[in-house]
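The structure comes first, followed by notes grouped by topic.

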Amino acid sequence: TPNARGAGDSDSVNMSDSEDEKVEVHLKVDAVTKYRLAADIANKAMEKVIAACKAEAEIVKICALGDEVILEETGKLYKKKVKKEDEEKAEAVKKGIAFPTCVSVGNCVCHYSPILSDPQSTLADGDLVKIDLGAHVDGYIAVVAHTLVVGASKEKPAEGKKADAVVAAHLASELAHRMVVAGGKNNDVTLKVQKIAEAYGCKPIEGMLSHQLEQNVIDGEKTIILNPADSIKSHAEKTFEEDEAYALDMFVSTGDGKAKQMETRTTVFKKTPNKYQLKMKASRAVFSEIAGKFDVMPFTLRLLSDEKTARMGVVECTKHELVTPFTVLYEKEGEQVAQFKFTVLLTPNGPMRLTKDFHQADAYKSEKTLEDEEIKAILAKSASSKKKNKKKKKAAAAATGDDKAEA
């Protein structure tokens with residue numbers, strides 16, 4: 001892991017000779033710092049986007065706002081070139097958008113991030129809105145997704161299908177926060193999320209994955225699958241380990257959980273490591289800009305310099321698999337889909353949640369309840385391990401007679 005210093009680094013982040021030292025040994029203080037910086041920026045962007053989700057607001061402008069905040073805030077960091085370990089010369093620290101802002105409404109499951117030339121749509125009072133975005137600093141990624149109903153509040157809570165989907169998806173997210181710990185199993189999370197969704201008359205979106213995160217990798221090897229099309233046995237069982245990072249992404253639908261591509265234009269893509277000599281001049285120009293601006297991170301065509309050229313050039317790039325499309329997916333008309341996602345680091349002190357929970361529980365009123373006692377017991381546990389660590393330190397102090405162990 002690089003051990004560069006720059007904006008956001010200070011002596012205060014150096015960890016002392018305590019249990020926290022283990023984080024430094026494995027994840028490195030620098031990596032944890034950059035994860036936190038990325039998360040702070042993703043959180044700030046999400047706050048601004050949530051505030052902008054009002055009736056009659058244009059979706060393209062909301063998406064542009066989220067991206068602008070991420071670019072502006074990451075632009076303030078690491079302005080000087082940094083010399084990393086095992087490198088001869090200093091280089092600029094890459095940072096920016098890790099996932100472009102998407103605003104998907106109602107039965108639209110994900111990846112809706114319109115460009116200016118698309119038919120424009122606006123939000124309406126009562127719309128169920130999913131916001132998804134991410135930032136990175138030096139390839140350390142923090143992503144976050146949130147669902148809200150436009151106009152819903154404590155005084156005027158959302159009810160019916162919309163409330164069912166939101167409450168179920170949020171509970172699934174809270175469950176994942178408690179179950180994704182070192183030693184836990186991915187498929188255990190899958191099975192329990194299924195039960196939560198069913199309790200609210202919903203289904204998780206089939207085949208959706210929560211990925212392990214690594215530096216410059218948003219779709220790491222270890223995954224948690226939702227609602228597998230085949231038996232859960234067909235999904236490779238993995239054990240969560242210390243010093244891993246995950247984007248825990250929960251999708252719940254009031255429909256049958258099957259997402260399909262419709263006519264909506266795909267605007268979000270990610271560069272692959274594949275090689276091909278592009279034939280069209282426009283394609284070469286677009287691919288060069290993609291590689292320079294975004295490298296391996298997902299991006300939106302809206303952020304390329306010329307939208308018309310981008311639309312044309314990305315076709316050949318996609319055909320020859322130089323970029324992977326993130327297609328816009330839909331549930332059946334009339335159904336509602338909710339999503340919550342956050343980033344977590346599995347430290348020796350327990351899971352460290354990096355991106356915030358923006359859910360306003362009293363704005364959603366479902367008539368359904370969760371009856372499963374095992375799941376209720378898991379949800380009743382604290383997701384924080386601070387108390388446990390204090391007890392450990394107190395026990396160590398009692399055993400050694402060292403008062404400092406309590407500090």
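Helix α4 (residues 160-179) packs with helix α5 (residues 186-199) at an angle of about 155°, and their axes are 9 Å apart. Angles over 145 degrees count as roughly antiparallel, so α4 is roughly antiparallel to α5. The model is a predicted one.

**Helix pair α4 and α5**

- The crossing of α4 and α5 is right-handed.
- On the α4 side, the contact is made by A168, L171, A172, L175, A176 and M179.
- On the α5 side, D188, V189, K192, V193, I196 and A197 take part.
- By residue class, the contact of α4 with α5 has 10 nonpolar residues, two charged ones and no polar ones.

**Sheet β11-β10-β12**

- Three strands form an open sheet in the order β11-β10-β12, and their pairing is antiparallel.
- The edge strands, β11 (299-300) and β12 (323-326), each pair on one side only.
- Strand β10 (residues 268-271) runs antiparallel to β12 and is joined to β12 by four bridges.
- V268 has F326 of β12 as its bridge partner.
- In general, strands of a sheet pair through backbone hydrogen bonds, in either a parallel or an antiparallel manner.

**Helix α7 on the sheet**

- Helix α7 (residues 307-319) lies across two of these strands, β10 and β12.
- Relative to β12, helix α7 runs at about 110°.

Key: Residues numbered from 1 in each chain as written. Predicted model: local features only at pLDDT ≥ 70, side-chain atom pairs only at ≥ 80, totals over all residues. Heavy atoms only, no water. Axes fitted to C-alpha atoms, helices over the stretch in contact; angles between N-to-C directions. Helix = DSSP H or I, 4+ residues; strand = E, 2+ residues; numbered from the N terminus. Parallel < 35°, antiparallel > 145°, perpendicular 65-115°, else oblique. Left-handed = near helix turned anticlockwise from the far one by under 90°. Contact = heavy atoms within 4.5 Å. Nonpolar A, V, L, I, M, F, W, Y, C, P; charged D, E, K, R; others polar. Pairing = 2+ DSSP bridges.
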